[in-house]
Amino acid sequence: MLIPKRRYPKIDPSEITPEELYVNRRLFMKGSLTAAAALSTIQAQALVSPEGGSRIPSRPEWLERAVVNASETSFGAGEKPAPYASATQYNNFYEFGMSKSDPFENSGKFTTDPWNVTIEGECEVKGSFALEDLLKGIDLEERIYRLRCVEAWSMVIPWVGFPLAELIKRFKPLSSAKYVEFVTVERPKEMPGQRSVFSTIDWPYREGLRMDEAMNPLTLMAVGMYGNVLPNQNGAPMRLVVPWKYGFKSIKSIVKIRFRETMPPTTWNDLAPQEYGFYANVNPEVDHPRWSQASERRLPNSIFSPNRIPTEMFNGYGEQVAHLYKGMDLRKWY
Ligand SMILES: Nc1nc2c(c(=O)[nH]1)N[C@H]1C(S)=C(S)[C@@H](COP(=O)(O)O)O[C@H]1N2
Ligand SMILES: [Mo]
């Protein structure tokens, strides 16, 4: 359910941390400016990084404005988002390195403006589009989703984006389009993981969805989080978010969308097919060959409060997506 759009003053990103912006905005909407002022000081103190503060690069004005003006929805209204620092400093983005802090530490020089996305394959409208043209006329909304990584940790993240279906319709897919493939940018000069001799990934990173999964209203294309544009380490300027699937399906920094008749090859499935399937639906009953998927660590956690919670079928989104898999053996199609 969409509520009417509100206008927010444009705030220079150098003046305010993204979390302050986010917290302020939420409390502002709830009519408690005093609480917002008090909270923002605490949040700001918690955010100071070794490099001295927020590392959100500036983005084109049109994108910042669109993100700040996104409408609120009822998606995940009861969830408590992870602190901004957790969501932006504990990441998987192998293009920038394999450890969790690498994307935050190594993505500072990644450039995302200009950004073009190529549309190809089984569709009527094809070509290379500037991000601004691609998104023209699409309304952004906020959605708070749980993100469950296949490594058995999870986080609640407030995304800003739009249903992927809105974008797909623009390209008029043919009836032969049974799958959609997504490809991440290849920029070895800016992405140390892509030039690393230790990397076993065959770049670029690729992912895919069945057409009906791609068209499901839950499937989100995100261009922001915490009320601001996406930081590089979270997949700027545009990434997929598929909340009922393991995190690796939520491909970052997308430069190509290809409509296909056949199931696309995907990065983790290619690398270890017996461990990572094409479907990758969150499923507490089907364990990873090397660990259980029955529970997860909800971040942030610590050794004193491990925050281990049971994992839910389809990450708790079964009502919206279980019908997509009717009659399928989810042990076979993991
Ligand atoms: N291009 C690309 N996309 C990617 C990844 C990656 O390494 N490269 N990692 C995936 C994995 S395993 C997860 S859990 C999520 C993490 O998203 P986050 O860092 O924004 O929380 O991104 C996914 N998208
Ligand atoms: Mo993941």
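**Entry 1: a proline in a loop.** I began with Pro 188, which contacts Gln 194 and Arg 195 once neighbours within four places in sequence are left aside; contact here means heavy atoms within 4.5 Å. Pro 188 sits in the loop between β5 and α8 (192-195). Helices (H or I, at least four residues) and strands (E, at least two) are DSSP runs, numbered from the N terminus. I looked up the exposure of Pro 188 and found it partly exposed, at a relative accessible area of 36%. For that scale, buried is under 20% relative accessible area, exposed is over 50%, and partly exposed is in between (1.4 Å probe, protein chains only).

**Ground rules.** I am working from a predicted model, where local features need pLDDT of at least 70, side-chain atom pairs count only at pLDDT 80 or more, and totals for chains, interfaces and linings use all residues. Residues are numbered from 1 along each chain as its sequence is written, chains are lettered from A and ligands numbered from 1 in the order in which they are written, and side-chain values use heavy atoms, with hydrogens and water left out.

**Entry 2: strand β10.** I next turned to β10 (residues 254-260), where five of the seven residues are buried, so the strand is largely enclosed by the rest of the structure. Which strands pair with β10? Strand β1 (residues 116-121) runs parallel to β10 and is joined to it by four bridges, while β5 (residues 179-184) runs antiparallel to β10, with six bridges. Pairing requires that DSSP finds at least two bridges between two strands. I wrote down one partner pair from each side: Gly 121 bridges to Phe 259, and Phe 182 bridges to Ile 257.

**Entry 3: the core.** Those names came up again when I checked the largest nonpolar core, which has 81 residues. Phe 182, Met 221, Ile 257 and Phe 259 have the most contacts inside it. Strand β4 (residues 153-163) gives the most to this core, with six residues. A nonpolar core is a set of buried Ala, Val, Leu, Ile, Met, Phe, Trp, Tyr and Cys residues joined through side-chain atoms within 4.5 Å.

**Entry 4: ligand 1.** Which residues come nearest to ligand 1? Of the 16 residues around it, they are Asn 91, Tyr 94, Glu 95, Ser 250 and Lys 252; a residue counts as near if one of its heavy atoms lies within 4 Å. I then listed polar contacts, meaning pairs of N or O atoms within 3.5 Å; within protein, one must be able to donate a hydrogen and the other to accept it, and residues adjacent in sequence count only if both atoms are side-chain atoms.

- Asn 91 has a polar side-chain atom 2.8 Å from an oxygen atom of ligand 1.
- Glu 95 has a side-chain N or O atom 2.8 Å from a nitrogen atom of ligand 1.
- Lys 252 has a polar side-chain atom 2.7 Å from an oxygen atom of ligand 1.

**Entry 5: a serine tucked into a loop.** Ser 107 lies in the loop between α5 (102-106) and β1. Is Ser 107 buried or exposed? Ser 107 is buried, with a relative accessible area of 1%. Its side chain reaches the backbone oxygen of Pro 103 at 2.6 Å. Not counting residues up to four places away in sequence, Ser 107 touches Phe 96, Asp 102, Asn 232 and Gln 233.

Entry 6: Most residues other than glycine have a negative phi, and most peptide bonds are trans. I therefore flagged the exceptions I came across.

- The peptide bond from Asp 113 to Pro 114 is cis, with omega near 10°, and Pro 114 lies in the loop between α5 and β1.
- The peptide bond from Ala 236 to Pro 237 is also cis, with omega near -5°.
- Ser 253 has a positive phi, near 45°, and is buried, with a relative accessible area of 0%.
- Asn 307 has a positive phi, near 55°, and is partly exposed, at 35% relative accessibility.
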